[in-house]
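Open the model in your viewer and keep the selection tool to hand. This tour goes stop by stop.

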Amino acid sequence: MTRRLLLALTVLLLCGAAPVPQPGALKPGEAIHGRFVQERHLAGLASPLRSEGSFLLAAGKGLIWRGEKPFATVVVITPAGILQTVNGAEVQRLPASRVPFLARFYDMLGGTLSGDWSTLPHDFTVTRSAEGDHWTMVLTPARADDPAAAQLKSITVSGAKFVDAVEIRRANGDWEHLTFLEQALSAAPLAADDARLFAQAGQ
Amino acid sequence: MRLARLAWLAAVAAAALYLLLRLHHGVEFQTDLLALLPQEERDVAVQRAKDKVTALLGQRIVVLVGDADRATARAAGATLAEALTRSGTVSQVSYTLSADGLKRVGAMYFPYRFGLLTAADRARLETGRGQEIVTRALANVYGPAAIADSALLHRDPFLLLPAFLAELPTPLPRLMPDDGVLSVVDRGKTYVLVTAQLSGEAYALAAQERFMRAFTAAEAELQARAPDVTVLRFGAVFYAHAGAAAATAETSAITIISLVGTIVLVLAVFRALRPLGLTALAIAVGVVCAFAVSLCLFGTLHVAAMLFGVSLIGICLDYVLQYLAARFEIAAATPERRLRRVLPGISLGIATTLMGYATLLLAPFPGLHQVAVFSAVGLTASFITVLLWLPVLDGREPFQHGARLLAAAGRLWTFWEAPRWRWRRLALAAVAVALALIGAARLTIDDDVRRLQALPDDLKHQEAETRRLTGIAGGTEFLLVRAADDEHALETEETLAPRLAAAKADGALGGYQTLAQVIPSAARQRADRALVEDKLIQPFLADYYAQLGFAERSLAPEPERGVLTPAAIPADSPLSFLRSLVLEDDAQGAMHLVLLSGVARLDEVRRVSEAVPGVRLVDPAGDITRLLGEYRRRAMLLLGVSTLFMLPIIFWRYGLSGGARTLAPPAIAVLLTPPLMALYGIPFTFFSAMALILVLSIGFDYAVFCRETSPTQRAVTMLGVWLAMVTTLLSFGLLAFSRVFAVQAFGTTLLIGTLLAFLVSPLAGDSNSFHGKMAEKD
């Protein structure tokens, strides 16, 4: 479970870090917001699991992931814990003490935010290519003996000013694709709603 | 007399021979402190469990190696783990996690997943809120932190196993696996964890010594390679070693000062070697006889009883010095005359002291019986030696150099008798009473066993840091669960769990760990499986699969697996440490351990847990504290009883008012010492109570010597008392400077008590001494 969750969080890290302007850094008080479309292709399913919604990544606070379709769900990830609600009702809460690596994860997130990719897990080999403004980065597991990495085949991140897309391919043939749209950087204070969510997740 | 001397020589020779033979064959001295205590635990199984748990926790070694550079910390951790493994002093050194350890945990649980529910999920299903579990699974599948692939969705559609695994108790909640090593990052430093189990007991000196040598060498190697590496450690062995090292250094310093001081004193006062030899002879005979007789009677001896017994034999110095000081009296021309002069005093002294020691036999404590026999035999043997041999071996001529010494020694008596000092005497008495009253108001009693050990601050800090960084909880309390078999023990734990959870929510308890949290009972697994089938799969699965768009709308077929049992935990599983929670499991029944941490309100935890049949709370530190309290009360009782035993002798010999005067010095010393110590903020403990028994004997000795003397002999008597007082302070009073609390309390009590007994000893004197007449007859 821990490994799986770590893996999931690593993926999440990439998603969360996705809107990072390259190579600039998110400064304290700044936030990126935008929309996402996620398609998850699982074997045996007639059509992909598609969800869409909006996200907010606030420097020093964490990430709010608001799914709108197919149903309203909110996931809040902060250094203090993870909180998930569905239609306003809490369905899962994991304090950082239950997810001990959350702090480390958050360090990585912070590192990535400041354009420091060296905080990425050591288990991946990174290949980068660029064409004009547009760049692509492919991460592949560096060590075949690592069971967590072994479940992943590759992660491809591409973008220009922001990260525009992420594609994750698993060893078992499942894959998912994330597209980020309408991204914008702002230095305005957090909306009351968002601030409350961050506070709730930290309780 | 001649015959008696030869007979005594033969007896001592026989004792010495017996002792040599016994020592040659090897005598096992007891060192376990618990061996001193009465068999408080009638339940052998519980006692065995207690010993097991104590050993288990006592052997644990936890080390964090930290450095600002992650690679340096990891290299240092690996070096330390390697060095410890190589040393052969520890077992189960753990540094790197096996890469697929967690996968193995998952693999162990997976076949039984429909019978494994978290408490919250069980409550949801029992109250018909299965939809909540479905919603959570859907949110996960669509959410950003998805853990499910299609294979998992077919076999554990509602992700019950991940929920169960996330709720498993974590012994190291703050550590995370980082590339195969448990690590934590704190204030810019990366710490890696190295744990091990000591082979052998933490308190066994040899094992302790070998481990510490290996550990210190490894640590030095790390520091040489990377000077900034931090090594945080905790474990009983580190405290035990530090304590032993401090005690050894301190003991040798105190012994040397005490020995050299006594020798210099005796030489300076008598200006001859012979008195020194006679003193040593009397003590040596006492100790040899005490050893021989005690070993013969008990078969073995406890080290603590031996040490205390030797101290008590030291009282015989009082009598030897009375005899030796008599040589300063010019009128007493021969050793025989000198002996006759002091004989009434020292006979009464030893009679009262033996009475006091005999009362120790009345206490139901095995340790005190040994002390009583050891010291009584030793004291009697020393006394007989003084009577029979000292006059023969002593020089014949009286000392001529004593005029100034005697004048000085007599001055104390003058203070108590001279009319011109009257007001000062009254003032002194008033001050003493006032101080005693203030002290009495501040007097506190403290039996806390933790005071026994003066733990070094540095190690305490390292332990606190390690606990903070790893989240390993502290505390020595635990629960024992007894049942007919393993399954029933697990069921008992399941009855217990909600009570402990409530106590935890209530703040009475920081946390707990039961085996049933990890391996639920078979009964619960079966019930949970039925619940999942009836309340989750039947009503929700088809719709759920339809919503996800699965072509196949039913579960993948599974072979029947039965239930998970503790025996199914593989030896190489990261969970294998849980096997140590099973203390006993045989035909007589099962006994499980439930670990508690952060117990804030012990009585509440005891009440809620012991209400479940078969559960018992064990509080080892509390048990010893209670026992020390019991010992303290017994010691006080002994003090009273031995005084009562001495009274008939005193009143028979001195009459009512004379007896009362003789009682005054020991009574003042015993009554004033605890309040005076309280003025310095020293609480009253068992150790002070034991020291007071000695103070009582010493006080009676001094008082009797003063009572028995005649005005012409006063100075000589006081010289003997003065010498006795100084030698006592040199041997016991110095203990007041020890850093070990028990020793310090014992020493301080003796220091103050002996000084008081000395200062007020002339109060026992009689200006119209009837013994003066006896002396004149000589």
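How many helices and strands does chain B have? Chain B has 28 helices and 11 strands. Helices (H or I, at least four residues) and strands (E, at least two) are DSSP runs, numbered from the N terminus.

Two notes before you select anything. This is a predicted model: local features need pLDDT of at least 70, side-chain atom pairs count only at pLDDT 80 or more, and totals for chains, interfaces and linings use all residues. Residues are numbered from 1 along each chain as its sequence is written, while chains are lettered from A and ligands numbered from 1 in the order in which they are written.

**Whole chain B.** Zoom out. The C-alpha trace spans about 125 × 55 × 50 Å along its principal axes. The radius of gyration of chain B is 35 Å, well over the 28 Å that the globule rule gives for 778 residues, so chain B is more spread out than a compact globule. That radius is taken over C-alpha atoms; the rule is 2.2 Å times the number of residues to the power 0.38.

**Largest core.** Select B:Cys316, B:Val320, B:Val695 and B:Leu719. They have the most contacts inside the largest nonpolar core, which has 119 residues. Such a core is a set of buried Ala, Val, Leu, Ile, Met, Phe, Trp, Tyr and Cys residues joined through C-beta atoms within 7 Å. A residue is buried if 20 or more other C-beta atoms lie within 10 Å of its own, exposed if 12 or fewer, and partly exposed in between; C-beta atoms are placed from the backbone. Helix H25 (residues 686–708) of chain B gives the most to this core, with 17 residues.

**Second core.** Now pick B:Ala148, B:Phe478, B:Val608 and B:Val615. They are among the 58 residues of a second, separate core. Next, select helix H23 (residues 602–610) of chain B. Its buried residues are B:Val605, B:Arg606, B:Val608 and B:Ser609.

**A helix pair.** Show H11 (residues 274–298) and H13 (residues 316–325) of chain B. They pack at an angle of about 150°, with axes 10 Å apart. H11(B) and H13(B) are therefore roughly antiparallel (angles under 35 degrees count as roughly parallel, over 145 as roughly antiparallel, 65 to 115 as roughly perpendicular and the rest as oblique). Axes are lines fitted to C-alpha atoms, for helices over the stretch in contact, and angles run from 0 to 180 degrees between N-to-C directions. Contact means C-beta atoms, placed from the backbone, within 7 Å.

**Last stop, chain A.** Select A:Leu94, in strand E6 (residues 89–95). A:Leu94 is partly exposed, with 17 other C-beta atoms within 10 Å.
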